Amino acid sequence: MINTMMMSNENGDHSSCGRPEEATAAKTSTRRSGEREKEAPYVYDLLHAPSHQFKVEGMTFTLQGHSRAGERTGYWVKELDLHLDAGVNSLKPPSTLFLSHCHPDHCSALPQLLSKSSRRTKIFLPFSAIVPVSSLLEAYARLYAGEDDAIMDFPSLCDFRPIHNLDVPRVYLPSDRPVNVNQYQEPDESLVFQEAERMRLGSHMCLVRYCRCDHRVDSVGYGVSWLKTERKKEYEGLDNNQMRELKQKNPELQVSDTREVGLFLFMGDTTIKAFEDIQARWVFSHYPIVIIECTFWKDLPGEEEKAFQRGHIHWNQLRPFVEANPATTFILSHPRTPGLNNMAEQKENPMTALKVEKLVLNISVGQSGDRLTKAAKVLESLSGQTPVYSKARYTVRQFGIRRNEKIAVHATVRGPKALELIEKGLRVKEFELFDNNFSATGNFGFGIDEHIDLGLKYDPSIGIYGMDFYVVLDRPGKRVSKRRRSKSRVGLHHKVKKNDAQKWFQEKYEGVILPPKQK
């Protein structure tokens, strides 16, 4: 199953946030960093951020960090003394920093990181990011002017290592273009990683490759491998004394080989198009761990197109790659903060959602006898319930109605059956209602002339009857005014009003409200 984990508790504990609804049978461990509950503490320092250990062919390394879109992103690999992005402050100054791009949530903590360092920090970054990053450091130094000379001397603390050949124009994909994993089986050789660069990270000799990401500004990904030295097979059974004798006899003898072992791939902010620019199949087979952004998660219309236009990835776009590579661990970072990017996308309060409390179907015949009995049969066949007879409240001589005489029949329908009958009735009205069909208490009603319009078969022995529909809308919580114990009143803002019912009718049935009917 595809599992997600939270990486933002202050004490570093691992908290599971469940499985997404779209989880599949792929045996892939997917970890989502930066996910936290509303009451979780804020992450101010990398040393207090959640951490996870990974073991790759004899080497164990720890990834510790926090990531959230528009807020801050930063990771620390302790064993390599390596920082990935600089959006989170750290009490541990870095010796090497891989900066993916220059957006503030990825580099805002860089001045604080450098101000704690007493040595030059190697900063790898896109060539176009040097000017904005230098301006950030200069502005920070001006704010602290006169307090500490070490803080102001950023040029002596920075060793910029620019990465070139990233100035490739972005090409937007059409919104209906499907993600096809098979198209990456034979990649274009001209779009592979740049040539690997040897460098020492911590106490390990490593190979680092740079790949182009697809974002609104130049963004770069970093593939890190370590060079594992192994004794050749023909010398594996020899002890140290025997090896020393061989070296003395032949000083130029090579008794060991160096093999490249992929550790992880760290992708900066990017769209799914980045996988078109690299050898995607080779990447997933070489790097057992892929740290990649997945900013958009909601399965809403237009979300995938919005993600691409903003230079990010939607889960639906990344999911085929996750399922196709079950041996690869995907660490999904950069989730979007609910409410920070779009306040309208906050979850709606379920207590304010309108629901159909009941539907009342009424046929008023105006007299007792055979016609009323036939009307009851019509309601029973329509609702599947035994109808209730209504009596006249007072005598009306001109209509021939006596008090307490049965003159009408009605049925109260609830649940899915009520919604089914409401839709049938509104279809007869062509989903058009007048403004005065709605009451001030948020209910509405309408009438139809012939019951056979609802789909009932015409029976000559019964005839044709018209009927009234009356729909009662309500919100959860009304029971507080009806219960026997601890009875209370429904708040004014919780009561259903006329405009609430009209909006519900327009949204649910795409209905049309006509001007008030002239009396």
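## Salt bridges

A search of the whole structure finds 14 salt bridges, a salt bridge being a side-chain nitrogen of Lys or Arg within 4 Å of a carboxyl oxygen of Asp or Glu. The structure is a predicted model, in which local features need pLDDT of at least 70 and side-chain atom pairs count only at pLDDT 80 or more, while totals for chains, interfaces and linings use all residues. Residues are numbered from 1 along each chain as its sequence is written, and side-chain values use heavy atoms, with hydrogens and water left out.

Glutamate 323 forms a salt bridge with arginine 319, with the closest N and O atoms 2.7 Å apart. Both residues lie in helix H8 (residues 315-324), four residues apart, about one turn of the helix; helices (H or I, at least four residues) and strands (E, at least two) are DSSP runs, numbered from the N terminus. Glutamate 323 has a relative accessible area of 31% and is therefore partly exposed; buried means under 20%, exposed over 50%, and partly exposed in between (1.4 Å probe, protein chains only).

Lysine 498 and aspartate 435 also meet through their side chains in a salt bridge (3.0 Å, N to O). This pair links distant parts of the chain, 63 residues apart: lysine 498 is in helix H11, and aspartate 435 is in the loop between strand E20 (432-434) and strand E21 (444-448).

## A buried arginine

Arginine 475 is placed in the loop between strand E22 (467-474) and helix H11 (498-509). Its relative accessibility is 10%, so arginine 475 counts as buried.

A polar atom of the arginine 475 side chain lies 3.1 Å from the backbone oxygen of histidine 494. The side chain of arginine 475 also reaches the backbone oxygen of lysine 495 at 3.2 Å. Leaving aside neighbours within four places in sequence, arginine 475 is in contact (heavy atoms within 4.5 Å) with residues including Met351, Leu354 and Asp500.

## An open sheet

Seven strands form an open sheet with mixed pairing, in the order E4-E5-E6-E7-E8-E9-E10; two strands pair if DSSP finds at least two bridges between them. Strand E4 (51-56) and strand E10 (158-163) stand at the edges, each with a single partner strand, so one side of each has no neighbour in the sheet.

Within this sheet, strand E7 (residues 82-84) and strand E8 (residues 96-98) pair in the parallel sense over three bridges. Leucine 82 stands opposite threonine 96 in E8.

Key:
A polar contact is a pair of N or O atoms within 3.5 Å; within protein, one must be able to donate a hydrogen and the other to accept it, and residues adjacent in sequence count only if both atoms are side-chain atoms.
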